[in-house]
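Dear colleague,

Please find the structure below, with its sequence.

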Amino acid sequence: MHRTGALYGQFKTLEQQKDSASLGMWIFLVTEVMFFGGIMLAYAINRHVYYHAFAMGSNTLSLKLGGTNTIVLLASSFTMAMGVWSAQTGKRKLLPLFLSLTILLGFIFFGIKYVEYAQKFHHHLVPGASFDISYCVNNPSKCDDISPEELEIEGNLIAQAKAAEPNLNSHAQLYFSSYFGMTGLHALHMVIGVGLLFWLLHGSLKGRFTPEWNTPVDIVGLYWHFVDIVWIYLFPLLYLIDRHK
Amino acid sequence: MSHEPEHSYTEHIVAPHVYLAIILTLVALTAITVWAAFIDLGRFNIVVALVIATTKASLVVLYFMHAKYSHRRTQLVIVAGIFWLALLLFMTLSDYISRIDYRGVRFPMTQNVDTRPVLRG
Amino acid sequence: MAVTPKFPEKHYLNQTYGIRSWLLTTDHKRIALLYLASVTFFFFIGGFFAMMIRLHLLTPNGYLLSADTYNKMFTMHGVAMIFFFLIPSIPAILGNFLIPLMIGAKDLAFPKINLLSWYVYIVGGTFTLYSMVTGGLDTGWTFYTPLSTVYSNSAVAPAVIGIFITGFSSILTGLNFLVTIHTMRAPGMTWFRLPLFVWAHYATSVVMILGTPVVAITLGLAGMERLFGLGFFNPAMGGDPILFQHLFWFYSHPAVYIMILPAMGVISELIPTFARKKLFGYHFVAAASLAIAVIGFLVWTHHMFLTGQSTYAALAFSFLTFLVAIPSAVKTFNWTATLFGGSISFDTPMLYAFGFLGLFLIGGLTGLFLGCLGTDIHIHDTYFVVAHFHYIMVGGAVMGYLGGLHFWWPKITGRMYPEWLARIAALILFVGFNLTFFPQFLLGYLGMPRRYHVYPPEFQVYNVMSTAGASILAIGYLLPMIYLTWAAFFGKVAGDNPWPATGLEWKTPSPPPTENFEETPVVTWEAYDFHNRPDLGLDAPTGHGPHHPGAVPAHGHD
């Protein structure tokens, strides 16, 4: 199908095209809801049955890093929405700016995630043969990024959790499986999102998006906001299970 | 009607100050959810956390994603998606929570005891 | 004298030439043919494994294959047939080809995504084929854990990746159909003037969109468990195999509706055409399609009645299972009522439609025995189940597929298939099918379990009958493959509307031009309205009767 200007050949009007693209992206997001929903179900059931192991796993996560990432993503949703606004109101110079800010915030998120993942590997918190929830407590010298006071608190928490759940080490792996599975899938979606943002940035610098036609900005925006929503749920589910001890 | 959208639809452009208000609300709700996590509400911690998360998600959907200003059809798609997720979660959970003690076999979901054999420590 | 139809000069097949014009096409009609080739390929693969199963089961003592190899045969038969044949067949071939034509559009809403969906199918298929040739798959197509994630020594990972990828092909197709049907209908083509084939594909697309992502994540989690040792379903870590089953069947039950709804859509086109009568209860049939799609999501646990799940949940799901039979029954009654008072002709597509009616009925009714908690205890995991779903999938879906292929072959290729040969092939298929699968009901009832490589010797006679039937069935499948291919090049020129039928797709030349319609059609008539269509050249008052000279010619034997 050939294109005349922005209009693709199978469509009759730009409005029909925009309508179709928007509906298509929303339907795609519904598939993403069901996709993440499956792993949420696995998380929900395992968390209920092994609450103490999940709580303990959650307590090894850094609230500072997770909280910062949450704010970073929320801010990126704001900049993305502002980007769409720029395109809709014809503010040609602002659009690349907001897209760049969104990309930057995305990279900050990746950076923080990388630090978190690296910590997990370091502290033997990756499911598998070498998984050991008590690794840092038993080897403080190997985990020098945790202060002695924090280690003591962690030691107490582990002792409490073990009392409630004798197979703590085994079942904590279920928590970390959910952790890596959920955040890994989320990160993958963000990588795709950032890729799409770069593509938009390229187009915006060429002046392709106008108030008459800015559909790609609009629908990538929808996708980006969805990725933010997933994190809005992941944050309390993974980081805030049982912080009140 | 044939190929035209359900009603004549002029795009509603949301003003930046609305977006600003929303993002500030979202940050505030994030702070609240962290603060609430430190309070021992027992079973209700998860409820509070999910309610706040859902509020945040709703704000993003309604305002950032323009759902408030979209076609009926779009809103129906959103509701259908959420409904189907609820279906998946609640109908599966209905199996787990309604299992009963039968001939001495106890189910962890209702009796909070883990009786599965452990093959590896 | 009747006018001899002329073959159009320029059409979608000769518009452009060369392999690139096919592999990079965005024309929905060419993409449909790409799918036809790849889906048929996988049908052969699945058929090969079926042949191995039936040959092995000729003797009760497991003479031909080892137990492990036998497990691989039935697993790969299921995987190939379900994911690579049944799910894509009608939607990706007939749906792709016909939906834009039926609604008066130039193409689907997203032609490039349509092409992408074919490539995604090919990539997924390649991964799965790789699995088949590097160790095979022995977990059953259901991939139950922890066998699939921990203990199996077969090539589970590439297969799981392959099916995961192929799921996206389904999702993209469903997405395309939903948007197209919403936004691309021609002027005057209101929702209730749409052919029921389109309604059926709309319902199918809803199921694809809502269900497929769940199997994607389920297989994704299983893959992560197998490859990275993550824990979700592995009891050694405290995980739950029943959770896998819940997640798996949440999709895989609605998947069977993905397989049957399009076939029902085909039947809704065939019966009015060959009874030359308006479909009885159009609105009810449309509503029933949607009802099947929705209620179909509420019954999945009936595959898990024997897992030790909650009795209360089992009761609820059993009740819902009975409920889902109702819209299917509504449709069956409506198709039958359409026949009453109609002018029935026994062309090949109609023979397949009749086959569908009887065999789907048997398959559907036997589902009720399985949905009933008490009887299921005895017949679960026996050949009764195998017979039940083959009656629906083969007796139903494949009959619908073949009926549709024959019906629309003149539109797709511009040429007619050989009618008498086709009728004989349909009969052979029908006989072969029943001989293959009816004995399996008896076997299941008598207690022969499924997925076992050996069986008690007293069951041998039924197994031999079944294998004999399978060889006849195979001939029934090979014949259409041969003569349809022949007909595409050498068949009699068909003309725009050889039947004649009332759909919008018949108002354009056969084969259609690339852009489908010279001008956008404006629709002013209701669906299946034989009375108010003078352009069809039928007897005006009744819409019945033989063709008279000067009218649109019949295909030669009426």
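This is a predicted model: local features need pLDDT of at least 70, side-chain atom pairs count only at pLDDT 80 or more; totals for chains, interfaces and linings use all residues.

Residues are numbered from 1 along each chain as its sequence is written, while chains are lettered from A and ligands numbered from 1 in the order in which they are written.

Chain C contains 15 helices and two strands (DSSP runs, H or I of at least four residues for helices and E of at least two for strands, numbered from the N terminus). Its radius of gyration is 23 Å, close to the 24 Å that the globule rule gives for 558 residues, so chain C is as compact as a globular protein of that length; the radius is taken over C-alpha atoms, and the rule is 2.2 Å times the number of residues to the power 0.38. Along the principal axes, the C-alpha atoms of chain C fill a box of roughly 75 × 45 × 45 Å. Of its 558 residues, 59% are buried (20 or more other C-beta atoms within 10 Å of the residue's own, with C-beta atoms placed from the backbone).

Chain B has four helices and zero strands, and 28% of its 121 residues count as buried. An automatic or database domain assignment divides chain B into domain 1 (11-69) and domain 2 (71-100). The centres of these two domains, taken over C-alpha atoms, are 21 Å apart.

Where chains B and C meet, the contact (C-beta atoms, placed from the backbone, within 7 Å) takes 20 residues from chain C and 13 residues from chain B. On the chain C side, α7 (196-228), α8 (241-275) and α10 (311-339) each supply at least two residues.

Helix α2 of chain B (residues 44-64) has 21 residues and spans 29 Å from its first C-alpha to its last, close to the 30 Å expected at 1.5 Å a residue; the expected span is 1.5 Å times one less than the number of residues. Its buried residues include B:Ile52, B:Leu59 and B:Phe64. Among the elements that cover the buried residues of α2(B) are α3 (63-88) and α8 (215-239) of chain A, together with α1 (16-37) and α3 (72-97) of chain B. Just after this helix, B:His66 takes a positive phi of about 60°.

Kind regards

Notes: A residue is buried if 20 or more other C-beta atoms lie within 10 Å of its own, exposed if 12 or fewer, and partly exposed in between; C-beta atoms are placed from the backbone. Two residues are in contact if their C-beta atoms, placed from the backbone, lie within 7 Å.
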